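Trainee: I would like to go through the terms used for this model and check each one against its cut-off. Could we start with a pocket?

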Amino acid sequence: MTETIAYIKESLKDLYPTSEINSLVRLIMERVCNIQRHHFILCTDKQLPENEKRQIHNITERLRQMEPIQYILETADFYSLLFEVNPSVLIPRPETEELVEQVILDNTDKKIQILDIGTGSGCIAVTLRKNLEKATVIATDISSAALETARRNAKRNHVPVTFIQTDILNSEKAETDIPFFVDIIVSNPPYIKEEEKKEMEKNVLDYEPPLALFVPDDDPLLFYRHIARFGQKRLNKNGRIYFEINAGCGKMTVDMLAEEGYHNIELIRDLSGKERIIKANK
């Protein structure tokens, strides 16, 4: 195993930071060889079978092409759960865990109906249903491929979630497809401006779905505005909306929500100090 670890580190040393390489090594060994992280040091002298060495070689070569490890392994961790991911859905991010945690903290033990708009892998919807057992959760997406992935993730994590295909930017269709009222709308919609592409990593630009990432430079709040207006139609009285946002658009998003009739608007910083979450009442 020591020789295999050395091969991974040598192959990736000019492409990834050392700390990331160490994390990749542990993740590969855990997923391919079933060596748990807390047993890692005890197993360094273990002889790996040839099939595992071949798998590790293939994974390492794909990492050299900057393909995300989550797509290679076809799984991602999120809020202590395991999700299937593939190029039809975004890889769940730690910031989104903070969004989910905010919803859970505010709504523990409440019998409520939650709508997740732009569900992607289903990580938000599934995690909320797993942690809010009295809640009913519905999730939507425009992508049929994303919805199929989300359905498998709900099944994988043993939770009931209702999935609906719709286009939130088509107000008439969205209101027809979602004719019922809800207590909470939560969304992590596309929010990266086209002009921000130049600052992004190659592994995101080359592999993750652009449909789930980007908005026009001249209309960065495109999805938020449509969701806010939809919320005025479909949120119950005193219903609440939760957003993950572009850290550079905090004030702009707060102002938009106020203009759309929301109140008790709260802008929350994430663990890295960036303005990342907004919640507001109808």
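Mentor: The model is a predicted one. Its second largest pocket is lined by Met1, Glu3, Thr4, Tyr7, Gln47, Leu48, Lys53, Ile56 and His57. The volume of this pocket is about 180 Å³.

Trainee: Why is Ile178 called buried?

Mentor: Buried means under 20% relative accessible area. Ile178 has a relative accessible area of 1%, so Ile178 is buried. The residue lies in the loop between helix H8 (171–177) and strand S6 (182–187).

Trainee: What makes a residue a contact of Ile178, and which residues are in contact with Ile178?

Mentor: Contact needs heavy atoms within 4.5 Å. Leaving aside neighbours within four places in sequence, Ile178 is in contact with Leu115, Thr140, Ile164, Thr166, Phe230 and Arg234.

Trainee: Why is helix H6 described as largely enclosed by the rest of the structure?

Mentor: Helix H6 (residues 123–131) has nine residues and seven of them are buried, so the description follows from that count. The buried ones are Cys123, Ile124, Ala125, Val126, Thr127, Leu128 and Arg129.

Trainee: How do you know that S6 and strand S9 pair?

Mentor: Pairing needs at least two bridges between the strands. S6 and S9 (residues 235–244) have five bridges, in the parallel sense.

Trainee: What joins S9 to strand S11?

Mentor: Five bridges join S9 to S11 (residues 275–281), and these strands run antiparallel. The bridge partner of Phe243 in S11 is Ile278.

Trainee: How many aromatic pairs are there?

Mentor: The count comes to two aromatic pairs. One is formed by Phe78 and Phe83, with 6.1 Å centre to centre and 85° between the planes, and is edge-to-face. The rule asks for centres within 6.5 Å, and for planes over 60 degrees apart if the pair is to be edge-to-face.

Trainee: Why is the pair of Tyr224 and Phe243 edge-to-face?

Mentor: The ring centres of Tyr224 and Phe243 are 4.8 Å apart and the planes are at 90°, so the pair is edge-to-face. This pair links distant parts of the chain, with Tyr224 in helix H10 (residues 222–234) and Phe243 in strand S9, 19 residues apart. Tyr224 counts as buried at 1% relative accessibility, and Phe243 counts as buried at 0%.

Trainee: What is the phi of Met66, and where is the residue placed?

Mentor: Phi of Met66 is near 70°, a positive value in a residue other than glycine. Most residues other than glycine have a negative phi. Met66 is in the loop between H3 and helix H4 (69–73). At a relative accessible area of 14%, Met66 is buried.

Trainee: Is His158 buried or exposed?

Mentor: Exposed means over 50%. His158 has a relative accessible area of 66%, so His158 is exposed. His158 also has a positive phi, of about 60°, although it is not a glycine. The residue lies in the loop between helix H7 (144–156) and strand S5 (162–165).

Methods. Residues numbered from 1 in each chain as written. Predicted model: local features only at pLDDT ≥ 70, side-chain atom pairs only at ≥ 80, totals over all residues. Heavy atoms only, no water. 1 Å grid on protein atoms, 1.4 Å probe; cavity = no way out; pocket = protein on both sides within 12 Å on 5 of 7 lines; lining within 4 Å. Points joined across faces, edges and corners; volume = space filled by probe spheres on them. Helix = DSSP H or I, 4+ residues; strand = E, 2+ residues; numbered from the N terminus. Buried < 20%, exposed > 50% of the residue type's maximum accessible area, 1.4 Å probe, protein only. Phe/Tyr/Trp six-rings, centres within 6.5 Å; stacked < 30°, edge-to-face > 60°.
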